[in-house]
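Hi,

Here is the structure I promised to pass on. Please have a look at it first, and then read my notes below.

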Amino acid sequence: MPTVDARPGPYSFDPSSTALLVIDMQRDFLLPGGFGESLGNDVSQLRRAVEPLAALLAVWRAAGLPVIHTREGHEPDLSDCPPAKLARGAIGQDGPYGRILIRGEYGHDIIDELAPADGEPVVDKPGKGAFYATDLDDLLKGIRSLIVTGVTTEVCVHTTVREANDRGYECLVLADCVGSYFPEFQRVGLEMIAAQGGIFGWVADSADLIKEIQR
Amino acid sequence: MTATIGPVKAAPYLWPYDGSVPVDRVALLCIDWQTDFCGPGGYVETMGYDIALTRAGLPATARLLAHARALGVLVIHTREGHDPDLSDLPANKRWRSAQIGAEIGGPGPCGRILIKGEPGWEIVPEVAPVAGEVVVDKPGKGAFYATNLDLVLRTRGITHLILTGITTDVCVHTTMREANDRGYECLILSDCTGATDPANHTAALHMVTMQGGVFGCVATSDDVIAATEV
């Protein structure tokens with residue numbers, strides 16, 4: 001079995017029961033001038049993950065392994081947006097890339113560099129976690145291990161890893177393929193995953209995973 | 001007249017978002033105040049952590065519990081644990097606990113570690129449930145996954161949650177994230193929580209306050225008590 005040098009210890013996975021999860025690499029979060037930046041965030045902090053993730057995707061697809069993408073967003077009539085969430089943010093309002101975080105809008109879709117390939121499932125989720133109110137768990141029938149990438153580290157990536165971990169999936173989070181607007185949360189978010197003997201999973205760099213896939 | 005809570009002096013906004021809430025729509029969550037996590041001889045102490053850190057929130061939580069009970073607020077306790085035959089214990093969770101020297105299901109000073117019915121799995125006396133309070137048993141860190149918590153909250157008409165318990169960055173945060181995705185308006189109390197690593201406690205609370213309150217708000221038990229209108 002491939003074994004990746006990881007924290008808190010080696011991470012072994014069977015490629016026939018492993019999927020790559022790419023979380024919320026959407027224009028609204030990543031493009032300059034978009035929703036993320038309008039909140040005062042530095043989008044370059046997130047964009048650092050794009051290049052390593054694109055490289056990993058190429059290797060992963062060449063090996064014929066499954067990829068699942070997620071997008072956070074809501075119905076145009078906002079019927080699936082909790083009132084407390086609506087009150088806190090700009091969701092549904094007009095932005096430079098269409099209505100913010102609304103399904104079907106340009107900004108809601110995944111950035112061109114990481115566009116889903118034909119046949120790769122895209123899971124639309126109304127919350128931070130990719131398991132709540134989605135069919136992700138059904139899509140993962142036969143999958144035991146998840147390679148987790150995407151944004152943002154301490155919000156949607158963390159929530160999804162916590163959900164996956166409670167469901168018994170073995171999660172490897174790739175430090176250079178996840179991103180936070182805040183360097184401090186990137187660091188602490190990754191530390192929390194590997195704390196207490198790996199309470200939520202493992203953390204590694206994509207180079208060490210790629211090495212194992214190409215072996 | 002029904003008593004109300006709010007606006008609470010919280011960060012990053014006055015909680016709740018809708019101004020104030022009648023107490024019959026609020027639940028006080030007491031997460032995993034079990035001997036295994038904060039008592040002598042429990043799981044956390046067996047792993048080598050200082051239980052003074054996880055016990056730190058007990059006095060404030062006990063005081064808030066008395067306040068909530070007097071107001072008639074719904075109190076819900078949770079317990080993390082597994083069936084004695086370990087049928088609901090994911091293989092990797094068992095493996096990791098063994099790696100750190102405190103295997104779930106193995107023998108410990110307080111009985112089998114994190115197993116339902118064992119002394120270590122019980123809630124500590126300072127904040128023990130009283131008759132009529134809901135106790136939710138959960139196999140994971142989150143209190144919503146594989147439990148009836150959502151059903152109980154909806155059946156009782158609960159829309160707002162006040163969170164206490166341990167540990168801040170693990171079970172409390174996971175539950176708050178699950179609740180937030182489900183549309184509950186959440187408030188976590190800094191003096192009624194605690195973590196095995198103080199830095200993770202602080203960071204977890206800070207994370208809540210970012211982006212306009214991405215998971216809700218942070219306050220203290222005094223802030224909640226002060227914002228109660230009877």
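How many residues of chain A are in contact with chain B, and how many of chain B with chain A? The contact involves 27 residues of chain A and 29 residues of chain B. Please keep in mind that this is a predicted model.

**Where the chains meet**

On the side of chain A that touches chain B, the elements giving two or more residues are α5 (83–88), α7 (153–166) and α8 of chain A. The largest share, seven residues, comes from α8(A). Sorted by class, that side of chain A has eleven nonpolar, eight polar and eight charged residues.

From chain B, have a look at helix α5 (residues 91–99), whose buried residues are B:Lys93, B:Arg96 and B:Ser97. These three cover an arc of only 100° around the axis, which puts them on the same side of α5(B). The general rule behind this is that an α-helix has 3.6 residues a turn, so residues three or four places apart point the same way. What do the buried residues of α5(B) pack against? Their partner is α8 (183–198) of chain A. Just after α5(B) comes B:Gly101, which takes a positive phi of about 85°.

**Chain A as a whole**

Chain A has nine helices and ten strands. A compact globule of 215 residues would have a radius of gyration near 17 Å, and the 16 Å of chain A agrees with that. Along the principal axes, the C-alpha atoms of chain A fill a box of roughly 50 × 35 × 30 Å. Of its 215 residues, 51% count as buried. If you look at contacts in chain A between residues at least 6 apart in sequence, 71% of them join residues at least 24 apart.

**The sheet of chain A**

Six strands of chain A form an open sheet with parallel pairing, in the order β7-β4-β3-β8-β9-β10. At the edges stand β7 (122–125) and β10 (202–204) of chain A, each with a single partner strand, so one side of each is left without a neighbour in the sheet. From one strand to the next, the twist averages 25°.

Within this sheet, strand β3 (residues 18–23) and strand β8 (residues 145–151) of chain A pair in the parallel sense over six bridges. Opposite A:Leu21 you will find A:Val148 in β8(A). Helix α4 (residues 50–62) of chain A packs on the sheet and touches β3, β4 (67–72), β8 and β9 (170–179) of chain A. The direction of α4(A) makes about 135° with that of β9(A). Another helix, α9 (residues 206–214) of chain A, lies across β8, β9 and β10 of chain A and runs at about 125° to β9(A).

**A covered strand in chain B**

Is strand β3 (residues 26–31) of chain B mostly covered or mostly open? It is mostly covered, with six of its six residues buried. In a regular strand the side chains alternate between the two faces of the sheet. Here B:Val26, B:Leu28 and B:Cys30 are buried on one side, and B:Ala27, B:Leu29 and B:Ile31 are buried on the other.

β3(B) pairs in the parallel sense with strand β8 (residues 160–166) of chain B over six bridges, where the bridge partner of B:Ala27 is B:Leu161. β3(B) also pairs in the parallel sense with strand β4 (residues 74–80) of chain B, over five bridges. In β4(B), B:Thr78 is the bridge partner of B:Ile31.

Best wishes

Terms used: Residues numbered from 1 in each chain as written. Chains lettered and ligands numbered in written order. Predicted model: local features only at pLDDT ≥ 70, side-chain atom pairs only at ≥ 80, totals over all residues. Buried ≥ 20, exposed ≤ 12 C-beta atoms within 10 Å, placed from the backbone. Helix = DSSP H or I, 4+ residues; strand = E, 2+ residues; numbered from the N terminus. Arc of directions from axis to C-beta. Contact = placed C-beta atoms within 7 Å. Pairing = 2+ DSSP bridges. Axes fitted to C-alpha atoms, helices over the stretch in contact; angles between N-to-C directions. Rg over C-alpha atoms; globule rule 2.2 N^0.38 Å. Nonpolar A, V, L, I, M, F, W, Y, C, P; charged D, E, K, R; others polar.
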